[in-house]
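User: I would like to go through a structure step by step. Please keep the terms plain.

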Amino acid sequence: MPLYHYRAKDRQGRSIAATIEAEDIRTAAKILREKGYFISELKEPGKGLQAELKIPGLDRGPGLKDVAIFSRQLATMLSAGLPIVQALAILERQTENKGFQKIIKEVRSDVEGGSNFSDALQKHSTFSRLYINLVRAGETSGTLDGVLDRLATFLEKDLELRGKIKSAMTYPVIVFVFAILVTYFLLTGIVPQFAQILTDLGSELPLLTRFLIAVSDLLQRGTPLLILGAIVLTLAYRFYYKTERGRRVIDRIKLRLPVFGPLIKKSAIARFSRTFGLLITSGVNVVEAIDITRGTAANAIVEDILDETKEAIQVGEPIHSTLLRYPVVFPPMVSSMIAIGEETGALDTMLQKVADFYEREVDEAVASLTAAIEPMMIIFLGFIVGTIVAGMFLPLFQIINTLSAG
């Protein structure tokens, strides 16, 4: 049978470095665990560090996707009967990202030292309040593996939703930036040459041509000032958005935008329903669930509504009664579904159905938006280029007509 080298600690915390014979590495690990050893290394002679499960490497800094993968793999190992310390050790060794590896190592050390898993996670900002509270609920109920599995699903869906919103926003931004660059090139590179020719000819210029020449002169002389102005505006926007009043004003405008507003609202409802439903399913009390959901809303207007909802719940009012007062943000269908859930005791099920519905709505909205924006952007770009070309060639046509008439 193959011989395996291992490093481990026994129940008294003493370090052990020895060898063991077993049919394969899984069997070797099982034997050592039955002896009560905490394994830090297990490998065949001449080979690198091995693990019981192969976990995909995390190649970026700790983020939402990293936490989703971590949750899915940890849930799988806990479901298979591995102790949490052993499972964390496997994840620590297999994680290629050094930053996340360090976090997992610290969490494992805290758990190994007697801390609760949720308390160990709470020391690291990588794990949200939502995540920590759900883990704590799972520890209390003895269903940590199930909670982690639901968390992984939730995070994967949240990533998917964010990706859809990002893709919907990215295309028009790229086309718009391209249009600005093309326009800038034409106005600063082509128009001045035509302007010089037209000036030398001494003909009277049409209004459109004079306007384009004026804009061209402004760009050539004032580009540094325009760039500086853009930077100042961007910084002012960020500063204003960080203020309580500014965030409310801007978030309200976002919800009322003619094209992107409905998409932002649908994604906010989907996130609210999915998060609130997950918390209720995991056994978190309603008031705390509302408070935690508020922290994931990413919109000041939605946060204010949830604050009011929490206060209403605390004095005995149902959840849907507050949401009914804000049909612009929470459509009547959402309030009605929540009301049915409250009456039937199936609030978590109804919230998941609302989340599923609005995630499909986001899919359709993104598809429609992409289909509508493409021709609009082409028309916009064509209009800009066409206007510049027309402004430059109109005087030439006038000169040609004058010479022909003469």
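Some questions and answers on this structure follow.

User: What kind of model is this?

Analyst: Residues are numbered from 1 along each chain as its sequence is written, and side-chain values use heavy atoms, with hydrogens and water left out. Local features need pLDDT of at least 70, side-chain atom pairs count only at pLDDT 80 or more, and totals for chains, interfaces and linings use all residues, since this is a predicted model.

User: Are helix 11 and helix 12 roughly parallel or roughly antiparallel?

Analyst: Two packed helices are described by the angle between their axes and the distance between the axes. Helix 11 (residues 286-294) packs against helix 12 at an angle of about 170°, with the axes 9 Å apart; helices are DSSP runs of H or I, at least four residues, numbered from the N terminus, and axes are lines fitted to C-alpha atoms over the stretch in contact, with angles from 0 to 180 degrees between N-to-C directions. Angles under 35 degrees count as roughly parallel, over 145 as roughly antiparallel, 65 to 115 as roughly perpendicular and the rest as oblique. The angle therefore makes helix 11 and helix 12 roughly antiparallel.

User: Which residues of helix 12 make the contact with helix 11?

Analyst: Contact means heavy atoms within 4.5 Å. From helix 11 come Val286, Val287, Ile290, Asp291, Thr293 and Arg294. The residues from helix 12 are Glu303, Leu306, Asp307, Thr309, Lys310, Ile313 and Gln314.

User: Is Ala298 buried or exposed?

Analyst: Ala298 sits in the loop between helix 11 and helix 12, and its phi is near 60°, a positive value in a residue other than glycine. Most residues other than glycine have a negative phi. Buried means under 20% relative accessible area, exposed over 50%, and partly exposed in between (1.4 Å probe, protein chains only). Because its relative accessibility is 53%, Ala298 counts as exposed.

User: What is the relative accessible area of Asp304?

Analyst: Asp304 belongs to helix 12 (residues 300-314). Its C-alpha atom is separated by 8.4 Å from that of Arg294, 10 residues apart along the chain. Asp304 is partly exposed, because its relative accessible area is 27%.

User: Which residues is Met337 in contact with, leaving aside its neighbours within four places in sequence?

Analyst: Met337 lies in helix 14 (residues 332-344). Met337 and Thr349 are 12 residues apart in sequence, and their C-alpha atoms are 9.8 Å apart in space. With neighbours within four places in sequence left aside, the contacts of Met337 are Met350, Lys353 and Val354.

Methods
Helices (H or I, at least four residues) and strands (E, at least two) are DSSP runs, numbered from the N terminus.
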